[in-house]
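Trainee: Can we go through this one together? I'd like the overall build and then the helices.

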Amino acid sequence: MVLEIGYWGIRGLVNPARLLLEYVGEPYEFKDYNTVKPGWSEQKHQLGLPFANLPYLIDGNVKLTQSGAIIRYLARKHNLIGTTEEEQRQQDLIDGVIGDIRSVWSMLCYRPNDFDVDKLTYRKDCLTPILAELDKWFAKNEYVVGSKLTYGDFNVFEVIDGHSKLFPDLLDEFPNIKKHHDKIGSLKGVKEYLASDRNPTALNGSSAKWGG
């Protein structure tokens with residue numbers, strides 16, 4: 001049985017896992033609950049999912065929800081995860097950084113007071129300081145974990161890609177992040193997916209003030 005991922009028809013929280021799958025070439029079925037019938041409300045408690053939610057993954061007997069659990073499961077399956085204590089520390093650190101960005105980004109996109117004003121404040125006070133540190137990280141490391149490609153690189157790529165759509169000149173300030181972003185976006189499988197119509201155009205849900 002082919003692996004199944006269920007989510008809304010957006011990039012959102014699940015696209016890093018899809019990028020990983022595209023890179024390793026594992027076939028999967030993506031169920032878009034914006035269009036699939038019966039819908040999510042009807043199927044939610046029929047799939048045997050723990051803590052039933054979107055996104056979900058079903059891989060044989062493995063059933064998971066939570067985007068972090070999903071991508072780490074796939075990373076272990078395909079050896080795209082830190083294995084030493086030092087690698088795991090690096091991985092956990094950047095996971096936290098990306099989580100911090102995502103939480104404030106979500107507030108900006110879904111619940112701004114004045115989006116055009118708030119996006120500039122967000123860029124200056126939140127995003128730029130974090131990306132300055134991340135740029136220093138990639139000045140010393142080819143990937144999130146030294147010279148080893150891991151799932152964290154797909155998380156970083158997706159967050160940076162979304163922000164680059166809002167701020168097209170963003171990476172002009174951060175050459176090392178740009179180098180990393182270009183490298184991940186050019187990986188075999190990833191490049192083809194990003195150029196295909198399977199890669200959703202919407203970053204966020206329809207209720208978002210931007211990217212939906």
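Mentor: One term before we start: contact means heavy atoms within 4.5 Å. This is a predicted model, where local features need pLDDT of at least 70, side-chain atom pairs count only at pLDDT 80 or more, and totals for chains, interfaces and linings use all residues. Residues are numbered from 1 along each chain as its sequence is written, and side-chain values use heavy atoms, with hydrogens and water left out.

Trainee: How many helices and strands are in the protein chain?

Mentor: Eight helices and four strands. They are DSSP runs numbered from the N terminus: H or I of at least four residues for helices, E of at least two for strands. Along the sequence the pattern is β-α-β-α-β-β-α-α-α-α-α-α. The radius of gyration (over C-alpha atoms) is 17 Å, close to the 17 Å from the globule rule for 212 residues, so the chain is as compact as a globular protein of that length. That rule is 2.2 Å times the number of residues to the power 0.38.

Trainee: What box do the C-alpha atoms fill?

Mentor: Roughly 45 × 45 × 30 Å, along the principal axes. Of the 212 residues, 50% count as buried, meaning under 20% relative accessible area with a 1.4 Å probe, protein chains only. Take contacts between residues at least 6 apart in sequence: 65% join residues at least 24 apart.

Trainee: Now H1. Is it largely enclosed or open?

Mentor: Eight of the 10 residues of H1 (15-24) are buried, so the rest of the structure largely encloses this helix. The buried set is Asn15, Pro16, Ala17, Arg18, Leu19, Leu20, Leu21 and Glu22.

Trainee: And what do they pack against?

Mentor: Strands E1 (3-7) and E2, plus helices H3 (67-77), H4, H6 and H8 (190-194). Just after H1, Gly25 has a positive phi of about 80°.

Trainee: Which residues of H4 are buried?

Mentor: Glu87, Gln90, Gln91, Ile94, Ile98, Ile101, Trp105, Leu108 and Cys109. Their cover includes H5 (115-140) and H6 (151-166).

Trainee: How far does H4 reach?

Mentor: H4 (85-110) has 26 residues and spans 37 Å from first C-alpha to last, close to the expected 38 Å. The expected span is 1.5 Å times one less than the number of residues.

Trainee: Switching to Asp32. Where is it?

Mentor: In strand E2 (28-32). Neighbours within four places in sequence aside, Asp32 is in contact with Tyr7, Trp8 and Gly9. Phe157 lies 125 residues from Asp32 in sequence and 22 Å away in space, C-alpha to C-alpha.
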